[in-house]
Amino acid sequence: MMNQKVMEPWEHYIVGASIMTLGIAGTLINSIILYRNYLKDSNKYPNSLVSNLCLTNLGIIFFAFPLSGLASFKLEWIWGDEWCTYYGCVSLLFGFNIMITTMMLVLDIFLRFYFRNYELYKIRARRLMIAWGWIISIFWSLAPLFGWSRISYEPTYTSCTVDLMHPDKAYITYIISCFICCYLLPIGLMFFVRIKPNKDYQPVSSDIGKNYQRIVIIILLFIIEWSPYATIYLWPIFLDPNTIPISLAAAAPVFAKFSVVFTPLIFWNENDPEEEKTNE
């Protein structure tokens, strides 16, 4: 049984306008960062983790935003059940990868300032991080297609995700697993990370403070962007899913979509300008 609370048309329009605005802003910001990394400074090594984050952001903008944005203006999902499944899986795929890549970027900052030898291996290490992130994301996004929970409509009926309204054992185990691996683990790792250079490495002290502040901002953004979704996913495990506040259900996807705008801005100048490209 779906949530009986109904959003007012103007509330749907606000959600739709927010999604479209974030999509346009995210497209410009992520495209500019990729341009700066690969074209403007083509003789330098870009940070591949930042590039992966930008490409993932563009992926969810192009392949998911238009469906939910237009559905909001139509006040309901207009694309059918098959496209609902598509949207849910694509959103999970790119969403999980954004979360994992954000965690990896914080880890990358930590390793650069804590382990001097990381400079020798950072290119390969970043590639491994990216590959691992995509493997995890593909696994969690495809699991509902193979019976570990399923994709269905959200309470707003303008987007789709894991079936919140039927919290069976498959749903509970899937959500708890995702919550631990893709939400608690990144937050825990980011809190654990501290910028403390070792005795053999003497970075500029101002850089240490700057990057420590960046990590704090990243953690705060991560919590703000993804906690609403984490809340509505956990809600059916403990309470009646029909009691999920419709305002929270509407806000969760919008807050998650903030990630395509604000997180990449933190890495606007993230590259390796001191290191010329060489053949590996």
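Predicted model: local features only at pLDDT ≥ 70, side-chain atom pairs only at ≥ 80, totals over all residues.

Modeller: Start with aspartate 108 and arginine 126. Their side chains meet in a salt bridge, 3.0 Å from N to O. The pair links distant parts of the chain. Aspartate 108 is in helix 4 (residues 81-114), and arginine 126 is in helix 5 (residues 118-142). They are 18 residues apart. Both aspartate 108 and arginine 126 are buried. This pair also belongs to a network of salt bridges that links Asp108, Arg112 and Arg126.

Stay in helix 5 for another pair. There, lysine 122 and glutamate 119 lie three residues apart, about one turn of the helix. Their side chains form a salt bridge at 2.8 Å, N to O. Lysine 122 has a relative accessible area of 1%, so it counts as buried. Glutamate 119 is partly exposed, at 27%.

Now the loops. Arginine 150 forms a salt bridge with aspartate 163, and the closest N and O atoms are 2.6 Å apart. Arginine 150 lies in the loop between helix 5 and strand 2 (151-153). Aspartate 163 lies in the loop between strand 3 (160-162) and helix 6 (169-192). The pair therefore ties together parts that are 13 residues apart in sequence. Arginine 150 is partly exposed, with a relative accessible area of 45%. Aspartate 163 is buried, because its relative accessibility is 2% and the cut-off for buried is under 20%.

For the overall count, a search of the whole structure finds four salt bridges.

Definitions and conventions. Residues numbered from 1 in each chain as written. Heavy atoms only, no water. Helix = DSSP H or I, 4+ residues; strand = E, 2+ residues; numbered from the N terminus. Buried < 20%, exposed > 50% of the residue type's maximum accessible area, 1.4 Å probe, protein only.
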